[in-house]
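Hello,

Here is the structure I said I would pass on. My notes follow below it.

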Amino acid sequence: MVVATQKNVEPPTERLQQAEELKNAKQIEQAIALYNSVLSEKAANEEVLKEQEFALIHLGQLYRDLGLAQELAGLIRSSHTFMGSIAKAKTAKLIRTMIDYFGAIPNCLPLQIDVCKETIAWSVEEKRIFLKQSLETRLIALYLDNKMYHESLNLISQLLKELKRLDDKMVLVEVQLLESRVCHALRNLPKSRAALTSARTSANAIYCPPLLQAALDMQSGVLHSEEKDYKTAYSYFFEAFEGYSSQDDPIAVLALKYMLLCKIMLSLPEDIHSILGGKVALRYSGADIEAMKAVATAHQNRNLQEFETALATYTNELNDDPIIRTQLAALYDTLLEQNLVRIIEPFSRVEISHIADVVKLPTQQVENKLSQMILDKAFHGILDQGAGCLIVFDEPEEDKTYETAIETLKQVDKVVSSLYEKAAKLS
């Protein structure tokens, strides 16, 4: 949020105006030197502090735009003295903003984690408890992005104890939400649901900002989709999409993708056009949405080739997200089963190579899938591997002899019991 406000602020002095002009004129080295000269001065009064704050943010933005991760890390480390001389609330905002600048630079997550750890150590030395907790929350999110799940859980358990003691509900909600996401990544779904329930309970006691509420809804949708409850998941993703889009957050497009995924999994691909025709959804048209439309078309046509083409064409859009990847793998499996059942239906004996040719898949893959379907009793048959054939049996008729025999025995039991009671009365 700080980034957006700082961009619109006019440079407070002439030399900063000059630095901005140099930056816009692509005279980068001179601009960096001028910003550094401002930052190296001693903060004698409030005006110099304002200059240094402006220079710090804009130099950080410049390093971010140029992809200079090491220089950005050095800037954050050298700014600790300046941070000690401004208001604590402003310090927390500035430091988190500077650390977030790493997000726009590729392949620098380990460096971002190191800088975050160093800044936490500095905040402990300075006895800035709330800044420490804020940065530790950010560090948990970075651990999660870097797949360091056990480090995340260790830090979460330690932080939760502190937050419950201080009764800081806002940060508590964030940490419990992160715990839910970490447990979900580790496939511990019961623990993930429990953490999300705790986060929602904590959120009910405070005013929950729109972005945090949207994140809670997003996680709820993810967990419901894991349980195959796509209808409820869709409603949560819809709420998350509205929350993110109202704040112009880029994550809105991910929520929209999940909404479309739910409609595909519910076998309602025709609803996708009406969703994408909405006023808000039109703003997010692009490769991500085209990928989901391609999958929906393939599913509607029940065409494996179209499905595989969509996966190959939009690899980044469909395979990079673990949730979409998992759900589409299940959908592909279902689609493959439906195609195989349709192909073998007219036959009592058919070559596996012929089935593989029709579905355009490797013979070994088709054979493995058929054996799995036989074990799952999707159809009755056996694989003759010697002849390379599938022998399909007719659906066996249910033999009702045993049921009839059991029913007869029950009736006989009733008669014998009745006779026994009558005989007992006579005696």
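Phe 130 is exposed, with a relative accessible area of 56% (exposed means over 50%, buried under 20% and partly exposed in between, with a 1.4 Å probe and protein chains only). Phe 130 sits in helix 9 (residues 129-145); helices (H or I, at least four residues) and strands (E, at least two) are DSSP runs, numbered from the N terminus. Together with Ile 129 and Leu 166, Phe 130 forms a nonpolar surface patch of about 300 Å² accessible area. Such a patch takes residues with over 30% relative accessible area and no salt bridge, nonpolar side chains (Val, Leu, Ile, Met, Phe, Trp, Tyr) being joined within 5 Å. A salt bridge is a side-chain nitrogen of Lys or Arg within 4 Å of a carboxyl oxygen of Asp or Glu, and areas come from the Shrake-Rupley method with a 1.4 Å probe, only the protein chains shown counting as cover for residues.

This is a predicted model, in which local features need pLDDT of at least 70, side-chain atom pairs count only at pLDDT 80 or more, and totals for chains, interfaces and linings use all residues. Residues are numbered from 1 along each chain as its sequence is written, and side-chain values use heavy atoms, without hydrogens and water.

Strand 3 (residues 389-392) points Cys 389 and Ile 391 one way and Leu 390 and Val 392 the other, all buried. Strand 3 pairs antiparallel with strand 1 (residues 349-351) over 3 bridges and with strand 2 (residues 381-384) over 4 bridges; pairing requires at least two DSSP bridges. Cys 389 stands opposite Glu 351 and Asp 384.

Mean pLDDT (predictor's confidence in each residue, 0 to 100) is 86 for the protein chain.

Notes
Patch = residues over 30% accessible without salt bridge, like charges linked within 9 Å, V, L, I, M, F, W, Y side chains within 5 Å.
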